[in-house]
Amino acid sequence: MDMLRHNSVLTNLPFGYALHKMVLNDAGEACDYEYIEINDMFEKQTGLLSDIVIGKTVTEVIPTIKDEEFDWIGTYATVAFSEKTLEFEEFSSSLDKWYSVTAYSPQKGYFITLTREITEEKKQAIKQLETEQLLKQQQYLMDIYKTNFANIQEFVAHSLGIIMELSSCEYADIWFLNEETELCQSMQCVNSYDKLERKIDNIHAYQTTNKESKYELALLDTNYPSTVLAQPSQIEILSKDLARQYVSLDTFVSIPIMFEGTLVAVLNLANFPNQYPSMNLNHLVLFMQRAWMGRQQKFAEKQMNLKLQKLGEISNKIGVLIAEFLPDTTITYVNDAFCVYFGKKAEELVGEQFLTFMPLDERETIKQRYMQLTTESPTTTQTYPVFKKDAIRWMEWQDSAVFDGEGRITSWYSIGFDVTEKKMIQDEKDKQLQQLNEIIYGLTATILIIDPTTAKIIDANNAAVEFYGYSKEEFLKLTIEDISTNEPEIISEHLRKLYAQKQKKLLVPHRLKDGTIKVVELYASPIVYEDEEYICSIIFDATDREEAKGEMIRLAFYDYLTGVYNRRYLENEYKKLNKITNYPLAIIRGDINGMRLINDFMGYHVGDKLLVEVAKRIHNCINSEHILARIGGDEFAILLTHCSKEDIKQLIKRLEQMTSEEFFLEYEPQIYMDVPISTSISFGYAMQKNAGVELGELLTEAETYVNRRKFFDNKSMKSTAIKAILNALFEKSMREERHSKRVGLICEAIAKELEWDDGLVNKVRVAGTLHDIGKIGVSDNVLNKTARLNKEEWKEMVLHVEKGARILESTVEYKVIADIVRYHHERYDGTGYPSQLKGEEIPIESRMIAVADAYDAMIGRSFYQIPKTEQEAVAELKQCAGTHFDPHIVEVFTERVLKKNKFHVSDIGLVCAESTK
């Protein structure tokens, strides 16, 4: 129960409460303090939430606290280890707020702070101080204007005293410049002497111990328009007894004094109580400029009198009306401005009721306002219309009531200002605000109006409602923290910078009502909205753009196709890992065999899929600490650390096994079946032998190793590619598969009939089977067209013989049949393609394929013609013997082969060859 009461009291305290524990270093000195307990008001005043700070030290929560000018940790350490209670007001630059703090220690090593945020009070105090200083400055200027100084030294001494009082600096002097802007004399003042010390001397009587003084150089620049700041370590001054001494400077400010565009003097101020002068430096510059102008104008008394006269005329035109009234509004006193304003003499106004100047329907209301003044609230400010020469003007009256001993009003004084123009401006502002609202709600861009101090969403337009998914009513209950995924501290910092216009654009993540995270680009500017200062934010959805930017960054280090790292990343990582703690380093390099064949004859889309599959298989073989990168078209590299030769060899063995297993590549599932692919990769490696070895050297060494292995693997790698290409062709067209196999069988039968040996028989059978392998480069719509080919399609089709020959020429075992495939469409009379060979110039195997190809095409199923019978096909061959076909091959095939074998197409489309023997 006591704990509940304790928690309730803390929660409801009207000021911030926090219990802390000091943290000591090894030397037993206070170096930090920990948050033990805080209340809600503390969270509200500091923005530090209990979930975040409890159990943490202040340097963890506010890392910049030790950089602040005020020693928070040291101050609180004094409290925690003594019985002292400290009360002070201090500014926290980390939190950007002023606080009134009472600190005491409930137990040694612990301290409690009771805080109250006084930022607004301080701001008001600063404003009040600035106002008082400006008024004081105006008074000083008036005094300077009225005073006749005997000489310039007297004028400067007087001005320096004023400047030191206004700025509270400890030291001051002024340097004068002649017409050539050279330093010619100086005067010093020391604020701490109670009495102004003056000394006219040359410039060397006042100099810094730093020979290369920054400010001296700046002062010689006559075009330097603004305040110069510097920090010399010491200066030499004349003490009260005229003895020379050196004093240290904490801060130093030089103010140029210009007259008619020329630098005439420089005012130097040093050592301010709060590091910088409490009075704005610009005001000091302006004051000295005006004072100097006043001093110059003293040379002509007549001109000064004219100026004073003009100043009096201006004052008389300010338009301030002063009057005294009785409780019934009877006028007892008016000033001249009042008389002038209403166009009557004082004797005509005194004795009249002021209410008679008011509109009839306003009089009773105005009187009631007067009568409501009390001793507790003796002043009021009211704005209402008055009659003036048959016209209505708007006046603002500041009324102060006078009361008798019983608290009854005996009279009051009123100061009046004509605010007709001001009201017109306000009316115009209201109109503009209405127009602004119409614009905001009419724009399609997303707009939010935000309170920079509370982060509360003040208003949202229709586009914001649509974008975020919240209703207008829901929006007005939210803060930016409800839609931003950033931490509250970051949000507060953003709002502060936006409000101060130190930042105008942000890129931040926002959460929509449905939970979707969007990256938004936010353009913000402070505006006056409904008489309050807010931030207007125009918001654009930048999600797609930022995702694209992220993708660009990713592509800078990743291979766009396979998703593994690229060479650039590999080089960067090699530089990072190339240190003795990671030795030995090694590179495994792998090249895909037959990649060029795949790309050239199956297409780059197939090659790309092969690369992706290989990258996936390699990645599945290696450990997470290994780095896999694609370093070339068909080349991969693996960077390893802390490895031995045996480890590398075992890994290469696993890689070769994994990458040699047959797999399937999906082409276009809507058209083709999956195609089985077998491939091989040659791997090599290199190990780093000393620290000076570059990555390029290791890759070159590994490449040499790869090339040696490729020499021995060349035959198998090429045949693997050929099989892959042939499988791909057959998957593109089942008709081609059946046709190719039948042509191979027919060629085999003709060769046997010619009594060729087994090697030649096998050669022509394989050539027959592969005779159309070049059709892999023919587009699918041409290859599978159901009607006759047009001229352009035919041009594409005839290229297949050259493509097929080039594919076979790239291999060892198939190179011998490349020309057979190249010339199988040559005609016996020389009118064929591609080389118009004639008769015996055509390889006999090509002539066999021509006959077998034609026969199977005639008896087979076709999209664009009815199949012929065997008798019709034989008749066609015989008719074309000697022109299209070799007569001898036709004779052997028709008279001998077909007599012994019957070739036909079965229901499943495969060749059947039945012997008639």
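**Cores, a buried helix and cavities in a predicted model**

Q: Which residues have the most contacts inside the largest nonpolar core?
A: The model is predicted. Its largest nonpolar core holds 41 residues. The residues with the most contacts inside this core are I750, M848, Y855, L877, F885 and F893.

Q: Which element gives the most to this core?
A: The elements that give two or more residues to the core are α25 (734–753), α26 (758–769), α29 (800–809), α30 (818–822), α31 (844–859), α32 (870–880) and α33 (887–900). With nine residues, the element that gives the most is α31.

Q: Which residues does F885 touch, not counting residues up to four places away in sequence?
A: F885 is one of the residues with the most contacts inside the largest nonpolar core. With residues up to four places away in sequence not counted, F885 touches Y828, A850, V851, A854, L877, C880 and V890.

Q: Is C880 buried or exposed?
A: C880 is one of the residues that F885 touches. Its relative accessibility is 18%, and the cut-off for buried is under 20%. C880 therefore counts as buried.

Q: How many disulfides does the structure hold?
A: A disulfide is a covalent bond between the sulfur atoms of two cysteines. For a pair to count, the sulfur atoms must lie within 2.5 Å. The number of disulfides in the structure is zero.

Q: Why is helix α5 (residues 72–80) described as largely enclosed by the rest of the structure?
A: The buried residues of α5 are W72, I73, T75, Y76, A77, V79 and A80. What covers them includes β1 (16–24), β2 (30–38), α4 (58–61), β3 (86–92), β4 (97–104) and β5 (110–117). Helix α5 is largely enclosed because the buried residues number seven of the nine.

Q: Which residue caps the N-terminal end of α5?
A: The cap involves a side-chain oxygen that lies 2.9 Å from the backbone nitrogen of G74. The residue that supplies this oxygen is D71.

Q: What is the volume of the largest cavity?
A: The count comes to six cavities of 30 Å³ or more. The largest cavity is lined by 18 residues, of which Y33, F42, W72, Y76 and L95 lie nearest its centre. At least two residues of this lining come from each of β2, α2 (40–46), α5, β4 and β5. The volume of the largest cavity is about 230 Å³.

Q: With which side chain does the side chain of S414 make a polar contact?
A: S414 lies in strand β17 (residues 409–418), and its relative accessibility of 0% counts as buried. Neighbours within four places in sequence aside, S414 is in contact with L321, I322, A323, F325, W397, Q398 and D399. The polar contact, at 2.3 Å, is with the side chain of D399.

Q: Which residue has its backbone oxygen 2.9 Å from a polar atom of the side chain of N582?
A: N582 is placed in the loop between α20 (567–577) and β24 (586–592). It is buried, with a relative accessible area of 14%. Leaving aside neighbours within four places in sequence, N582 is in contact with L577, T641 and H642. The backbone oxygen at 2.9 Å belongs to L577.

Technical notes
Residues numbered from 1 in each chain as written. Predicted model: local features only at pLDDT ≥ 70, side-chain atom pairs only at ≥ 80, totals over all residues. Heavy atoms only, no water. Buried < 20%, exposed > 50% of the residue type's maximum accessible area, 1.4 Å probe, protein only. Core = buried A, V, L, I, M, F, W, Y, C linked by side-chain atoms within 4.5 Å. Helix = DSSP H or I, 4+ residues; strand = E, 2+ residues; numbered from the N terminus. Contact = heavy atoms within 4.5 Å. Polar contact = N/O pair within 3.5 Å; in protein donor to acceptor, adjacent residues only side chain to side chain. 1 Å grid on protein atoms, 1.4 Å probe; cavity = no way out; pocket = protein on both sides within 12 Å on 5 of 7 lines; lining within 4 Å. Points joined across faces, edges and corners; volume = space filled by probe spheres on them.
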